[in-house]
Amino acid sequence: MAETDRDRVQDTCETSAEESARLHFIREAIEEDNRAGRFGGKVHTRFPPEPNGYLHIGHAKAIWLDFGMAQDYGGQCNLRFDDTNPAKEEQEYIDAIMEDVRWLGYDWEDRLFFASDYFDQLYVWAVQLIQAGKAYVDHLSQEEMREYRGTLTEPGKDSPYRNRSVEENLNLFEQMKNGAFAEGECVLRAKIDMKSGNINLRDPVMYRIIHAPHPRTGSKWCIYPMYDYAHGQSDSIEGVTHSLCTTEYEDHRPLYDWFLDALGIFHPRQIEFARLNLTYTVMSKRRLLRLVQEKYVSGWDDPRMPTLRGMRRRGYTPEAIRAFCEAAGVGKRATTSEIEMLEHYLRQDLNKRSPRVMAVLRPLKVVITNYPDDQVEEMDAVNNPEDPEAGTRKVPFSKVLYIEQDDFMEDPPKKFYRLAPGREVRLRYAYFLTCQEVIKDDLGQIVELRCTIDPATRGGDAPDGRKVKSTLHWVSAAHALESEVRIYERLLTNPDPGALEEGQDFTDLINPNSLEVLPTCYVEPSMKDAPAGSFYQFERLGYYCVDSDSTPDKLVFNRTVGLRDDWAKLQKSS
């Protein structure tokens, strides 16, 4: 398994996220180019997603890096869709990707491009390579091509079609373009070196035949460029200076360079960085698709999914994700960040900005026997202690309240300081409360507490200076809004879902308790018009987000993250 942030926690403690951002090797490479006058001191990057799926947290790192480097050096970053496979691309994904990039806080301005914008120029350049004797049409089948390609330890061998004349190749390539051949019947290959130690240079495929209409070009083309051919040339056309890729493309860089040099066109610099890995998380499109198709989750925006849509629905903020990417750093070596680290930056952001409210998830009825039946008071409650300008709100208080079931024990152990028979506690913003009587149903289950308040303690403090050891949150039964709350846990039970035993499938790691739905919860009346996507701290419980399933009659909340910060404790102990 890759090195984790736990292994690197000491470095994390000693080096701030800001310092890490300044020190990483891509920044050093850009500054080296600027000192040398390469690219005229300009920095121009691009984010090139394929429009065949939804973005996830791994893409967020690439977006942060591509757009962030351009911003930091006063440059520009393009959004370019690699739409070279019409069989898998949909407008739905294009729209979703643009929405996600904007949500993360980045703007490509007027630089929205598609690889399909360059199909005519890419075809012209392919003809140029054929004319230079550097590309040929090959009729080997896929199976034969694999056989001829060789292995990592054995060289490949030349295709019998490799030495066709320029004229024959030009004629065949035009026939390919005109639809004369079936899919898989032939391809256009670069003519490089079948004995190269880099298997990517063993005459890679440049064009394949796909008889499918393209969402943007219609039926104009039935040949489509491979990513390795389209990638560098698209960068060149757009004037990209620094093409940032993940390390699986490092072995492809010689091919990237070969095409640009063979064509004699503007040559960007490709730089590779390690992709983001996260504990308890799968990010392969194939596995994420299985989660959706096999109904382990409700869809691509299920709050348990690592997609940006799912994280947004759960209550993650773009600020927290960007801070996490910065803290995780940029390197060449594969590492795995702990999800607790991501949650730490989420808590940091939400703690600063979340309004505080009181909500009761598992209600227990409390009747205050010495409080008038028809009296209602309004208690002053602080909206956010981290933000004095957030002010206060009024919270109704009445004879009948709800508190959390877990905040009462009839026969408490020694270190349980919350409510118990005869014990006094503080009600947040209200009064000292003492339990006098426990009411049970026929099955012996506690259904109600009869309690009294000390009227002199209004506001939460006793004039005689006596102290209580616990403060409870509550809501007024007559005023609270009935709501549904969805409690999310890890979707997978193993921090390294890639480390499977023989015969084991990653779906064997699905946590059967990853979602608990609480249909009858109660929240303050101040939340009546809370819009979908708004986030709150439920006092003493955690951070929660209003879900899009909410209706005017019933709010639905997703638990974003609990209050406990394991990552901060780990840093402190280290």
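The model is a predicted one, in which local features need pLDDT of at least 70 and side-chain atom pairs count only at pLDDT 80 or more, while totals for chains, interfaces and linings use all residues. Residues are numbered from 1 along each chain as its sequence is written, and side-chain values use heavy atoms, with hydrogens and water left out.

**The whole chain**

Of the 574 residues, 52% are buried; buried means under 20% relative accessible area, exposed over 50%, and partly exposed in between, with a 1.4 Å probe and protein chains only. Among contacts (heavy atoms within 4.5 Å) with a separation of 6 or more, 72% join residues 24 or more positions apart.

**Helix 3 and helix 4**

Next, select residues 25–36, which form helix 3, and residues 57–72, which form helix 4; the two pack at an angle of about 40 degrees, with their axes 12 Å apart. Axes here are lines fitted to C-alpha atoms, for helices over the stretch in contact, and angles run from 0 to 180 degrees between N-to-C directions. Helix 3 and helix 4 are therefore oblique to each other, given that angles under 35 degrees count as roughly parallel, over 145 as roughly antiparallel, 65 to 115 as roughly perpendicular and the rest as oblique. Show the side chains of Ile26, Arg27 and Ile30 in helix 3, which meet Leu65, Met69 and Asp72 in helix 4.

**Histidine 56**

Now move to histidine 56, in the loop between strand 2 (44–47) and helix 4. Is histidine 56 buried or exposed? With a relative accessible area of 7%, histidine 56 is buried. Not counting residues up to four places away in sequence, histidine 56 touches Met283, Leu288, Pro306, Thr307 and Leu308.

**Threonine 84**

Threonine 84 is the next selection, placed in the loop between strand 3 (76–81) and helix 5 (91–103). Threonine 84 counts as buried at 4% relative accessibility, and its contacts, leaving aside neighbours within four places in sequence, are Glu89, Ala115, Phe119, Arg208, Tyr224, Pro225 and Ala230.

**The cysteines**

Colour the cysteine sulfurs, and note that the structure holds zero disulfides, a disulfide being a pair of cysteine sulfur atoms within 2.5 Å. Cysteine 77 is in no disulfide, and the nearest cysteine sulfur, that of cysteine 245, is 12 Å away; cysteine 77 is also buried, at a relative accessible area of 2%. For cysteine 222, the closest cysteine sulfur is in cysteine 186, 9.7 Å away and too far for a bond, and cysteine 222 counts as buried at 9% relative accessibility.

**Helix 13 and helix 14**

Finish with helix 13 (residues 318–328) and helix 14 (residues 339–353), which pack at an angle of about 140 degrees, with their axes 8 Å apart. That angle makes helix 13 oblique to helix 14. Select Glu319, Ala320, Ala323, Phe324, Ala327 and Ala328 of helix 13 together with Met341, Leu342, Tyr345, Leu346, Asp349 and Arg353 of helix 14 to see the residues that make the contact.

How values were computed. Helix = DSSP H or I, 4+ residues; strand = E, 2+ residues; numbered from the N terminus.
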